Amino acid sequence: MGDALATAVSRAVAALAARSDEVDLLNVFPVADGDTGVNMLRTARAIAEAADATTGLPRGERADALARAALVGAQGNSGMILSQLVRGAADALADADEIDAAAIARALRAASRAADAAVRRPVEGTVLTVARAMAGAAEDALRAGRDAVLDAAVATGASAVAATTAQMALLSEAGVVDAGALGLLVLVEGLADALAGRPPRVPAAAAPAPVPAVHPPSRYRYCTSFLVEGAGIDLGALEDALLAQGDSLLVMGGAQRAKVHLHTDSPEDAATRAGAWGRVSDLEAQDMRRQEAERAARLRRAAEPAEAPLVAVAEGEGVAELLRGLGAAPAAPAVPVVGEVVIAIAPAPALPDAHVVEVQGLPALLAAALAWEPGGDAGASVRRMREAAAAVRCIDVPRATADDLAAALRPALADGDARLITILVGADAGVDAAEVEAWARAIAGPGVEVEAHDGGQPTPALAVGVE
Amino acid sequence: MDPARRLDAASTALVVDSSSDVPADRRPANWRVVPIPVTVGATTYADGIDLDASTFYALLERADRMPTTSQPSPGLMREAIAGALAEYESAVVLPLSARMSGTVETARAAARELGEDRVLVLESGSVTVALGLLALRLQARLEAGVTAGELSDALARLRRDHRAVFSLETLEYLERGGRIGRAQAVAGSLLRVRPILQIADGEVAPYARVRGAHRVLPAMEDFLLAHSAPDRPLHVALGHTRRPEALPELRSLVARVRPLASIDLESEIGPTVGTHAGPGAFVIAFVADAD
């Protein structure tokens, strides 16, 4: 395969890199999986690095190295499945004398089979369906030569990707194609173009605007993956041991090396359990809530004018997301607002045509938005909103450290009346909301509910509300 | 049925559906229960027959798709009423609210077939233990002896006057059932919003949103205070999903704010409401009734 392989793989990666945002935005189903495009891209990059590093080695060794790199580098559900596609293809190509039309068709078929076999509950209208369609097309086009086989796979793959919309209710509701399926198509397109000596494709300038994700939020917070290395790993037993830890569980690999992917609230617990089978490494936990919020934010960059019955003046994508969920239209401070009721942090602007609810901080702003009753008597609603906001003691913590938080919280907790602490973590706080939540729990002790979210506000680092 | 027809507990069966959530040991001898069909995945169960609450909630928490409840088939309804008429001279049928289910229509069709002179179908405008409470109030009248017309009038008044307030621990099941949007559910669960719902006009409708577990009982207390009078005999039913340990707290809340109240029914909420409420929900249902 020589350097041609390394080049082809890197071209495939470049093709995906150019469209990974598009793939991310499509991710509506079947499982909440963070960012499909980014996950596939990271997995593909690991494969490309291995292809580069193994240039000149015998084909069999190279195939092993690629399959291993794919498994070790696999991120997210889509990356896990991609790693199995690569393993299947690599196994098939390892034995091939020549990379001809027949070898390519065999590789595509082996890739499809390996991925099908690795997924416990396969769903149609996904990357699995498209991989199968590509393999079939390649087999049908065998006589036309190597480049034509790949082109046939790409052409059929493109139709199969388009057809995924109709195959799953959630995709057709959203009017989008399956994200992982598109990711695979882009990768194979890149491979085909490189092997045929064609220049890279230029992605369409304006991709059709996808809709926000409609999949239910995963019950679990972290999209987690890690590697287990040992001797004689029983993949089935390992999978069983992890079943209760979360969902979207995938365990792939072999007896010496297994890759685990799951959605869980406690990545460390899952890794500890897996430790019974071997050495655990490469633990990665992506916060899916943050990813979802960021994706939603990207979808709304071209923000609508701030005209709504209830407008809340606040900064930060996380804050905006929460406000929308509460039925309020978020507006950046500079944006002119038109609303029946406007909530703003003091000093609030004077708006002659609106009821203005002035609050002391972000947590109070959210409390006020929550107390709003759409369609009701605005005067009564505004009274309730002011009461709700007044019940929240807002504290701005300028630096996101456990000590600063403790110093700020202690006076507010001194009377023992606090029952609920809400913390919005600023954009530049440099800490995870989960970590801040753990600090606050330790400071407040039992009997106080604690919630911390990525607010994304420019200041303060921690906006704290005590009720 | 002739409004002048005499009804009493010895001669009249009261046919309820299983959504009334009255446990078997609390049902008077003249009651008959029509099971509500509950479908989970590919399997359909008969509520209270081959599906108990603990099994149902275990299935609910595991289910990929929302369980659904439907109305009892016409055959099942006819069988239940015919069975009641084989043993009793009259049957009074009190299904869940027509706004939530077509069960009352099915019952009316069965009544037309079996003889409307002996069967009285009443629209409850209620569900779960609130419906159970209304059924118990009708039973009190049957035990005292009543005419069909008086019973209809009494039910119309109970339907109008009864109130029920629910609290939910999670928005998850409302969202899974499509009752609220995803953005709302995400924001709500991030902010620890506990929805407070009520039965209004025969439907379970939003009443308020509170933040934090500590505000749930005070919100229910406010509802009870706002919708009942201190000096009238108040009949109360308490319900929960998977939280029997919370009943003492609900009992003492009722005893504290309405000392004259009698708690007539305590039960676990079944699948009809439980599908949407999920585990950790509570209900206080009450109605002032002197009879």
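This is a predicted model: local features need pLDDT of at least 70, side-chain atom pairs count only at pLDDT 80 or more; totals for chains, interfaces and linings use all residues.
User: How many salt bridges over all chains?
Analyst: The count comes to 33.

User: Which residue does A:Arg279 pair with?
Analyst: A:Arg279 forms a salt bridge with A:Glu229, and the closest N and O atoms are 3.2 Å apart. The two are 50 residues apart, with A:Arg279 in strand 4 and A:Glu229 in strand 1 of chain A.

User: Is A:Arg279 buried or exposed?
Analyst: A:Arg279 is exposed, at 53% relative accessible area. A:Glu229 is partly exposed, at 23%.

User: What about A:Arg198? Which partner there?
Analyst: A:Asp193, with 3.1 Å between the closest N and O atoms. A:Asp193 is buried, with a relative accessible area of 4%, while A:Arg198 is partly exposed at 29%.

User: Switching to chain B. What does B:Asp264 meet?
Analyst: The side chain of B:Arg137, in a salt bridge at 4.0 Å, N to O. B:Asp264 sits in strand 14 and B:Arg137 in helix 4 of chain B, so the bridge ties together parts 127 residues apart in sequence. Both residues are buried.

User: Which residues are linked with them in a network?
Analyst: The salt-bridge network also includes B:Arg141, B:Arg157, B:Arg160, B:Asp161 and B:Asp289.

User: Back to chain A. Where does A:Asp178 lie?
Analyst: In the loop between helix 8 (169-174) and helix 9 (179-195).

User: Which backbone nitrogen lies 3.0 Å from a polar atom of its side chain?
Analyst: That of A:Ala181; the polar atom belongs to the side chain of A:Asp178.

Methods. Residues are numbered from 1 along each chain as its sequence is written. Chains are lettered from A and ligands numbered from 1 in the order in which they are written. Side-chain values use heavy atoms; hydrogens and water are left out. Helices (H or I, at least four residues) and strands (E, at least two) are DSSP runs, numbered from the N terminus. A polar contact is a pair of N or O atoms within 3.5 Å; within protein, one must be able to donate a hydrogen and the other to accept it, and residues adjacent in sequence count only if both atoms are side-chain atoms. Buried means under 20% relative accessible area, exposed over 50%, partly exposed in between (1.4 Å probe, protein chains only).
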